[in-house]
Amino acid sequence: MARNAEKAMTALARFRQAQLEEGKVKERRPFLASECTELPKAEKWRRQINIYAVTEEESDEEGSQEKGGDDSQQKFIAHVPVPSQQEIEEALVRRKKMELLQKYASETLQAQSEEARRLLGY
């Protein structure tokens, strides 16, 4: 006969499996952003970035990255690196160029481009 702990674990496993089949289990946020492969889910997790309002004294003491405008507005500290709009636009342009290059360029042109990047250290 199995011990009580083993019985409890099998009961828990059966309960967990039943919840998974019914779809009642909440989905957990992935630890790494690279683990998320679907855009809607990535947007959902991106909205959970830990940003909160702080007072003037706290922001001066911590010396963190500040977000805000006038003195009348609240200031925010981002606890994760937040890219600027220009950095986002540059990344989108680079991605679009690579997609177009792979779609329309010949293999020899791609090989030459890759060799040039390697020689330049990109």
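These questions and answers walk through a predicted model of one protein.

Reader: In what order do the helices and strands of the protein run from the N terminus on?

Author: Start with the counts. The protein has 5 helices and 3 strands. Read from the N terminus on, the order of elements is α-α-β-α-β-β-α-α.

Reader: What share of the residues of the protein counts as buried?

Author: The accessible surface comes to about 11,200 Å², and carbon and sulfur atoms hold 53% of that. Buried means under 20% relative accessible area. Of the 122 residues, the share that counts as buried is 7%.

Reader: Why is α4 oblique to α5?

Author: Two packed helices are described by the angle and the distance between their axes. The axes of α4 (residues 85-104) and α5 (residues 107-120) come within 10 Å. They cross at roughly 140 degrees. Over 145 would count as roughly antiparallel and 65 to 115 as roughly perpendicular, so this pair is oblique.

Reader: Which residues make the contact of α4 with α5, and how do they divide by type?

Author: Helix α4 brings Met98, Leu101 and Gln102. Helix α5 brings Gln110, Ser113 and Arg117. By type, the residues of this contact divide into 2 nonpolar, 3 polar and 1 charged.

Reader: Does Ala42 count as buried, partly exposed or exposed?

Author: Ala42 lies in helix α2 (residues 39-46). Its relative accessibility is 31%. Buried needs under 20% and exposed needs over 50%. At 31%, therefore, Ala42 counts as partly exposed.

Reader: How many Å apart in space are Ala42 and Arg29?

Author: In sequence, Ala42 and Arg29 are 13 residues apart. In space, taken C-alpha to C-alpha, the two are apart by 9.2 Å.

Note on methods. Residues numbered from 1 in each chain as written. Predicted model: local features only at pLDDT ≥ 70, side-chain atom pairs only at ≥ 80, totals over all residues. Heavy atoms only, no water. Helix = DSSP H or I, 4+ residues; strand = E, 2+ residues; numbered from the N terminus. Buried < 20%, exposed > 50% of the residue type's maximum accessible area, 1.4 Å probe, protein only. Areas by Shrake-Rupley, 256 points an atom, 1.4 Å probe, with all protein chains shown as cover. Axes fitted to C-alpha atoms, helices over the stretch in contact; angles between N-to-C directions. Parallel < 35°, antiparallel > 145°, perpendicular 65-115°, else oblique. Contact = heavy atoms within 4.5 Å. Nonpolar A, V, L, I, M, F, W, Y, C, P; charged D, E, K, R; others polar.
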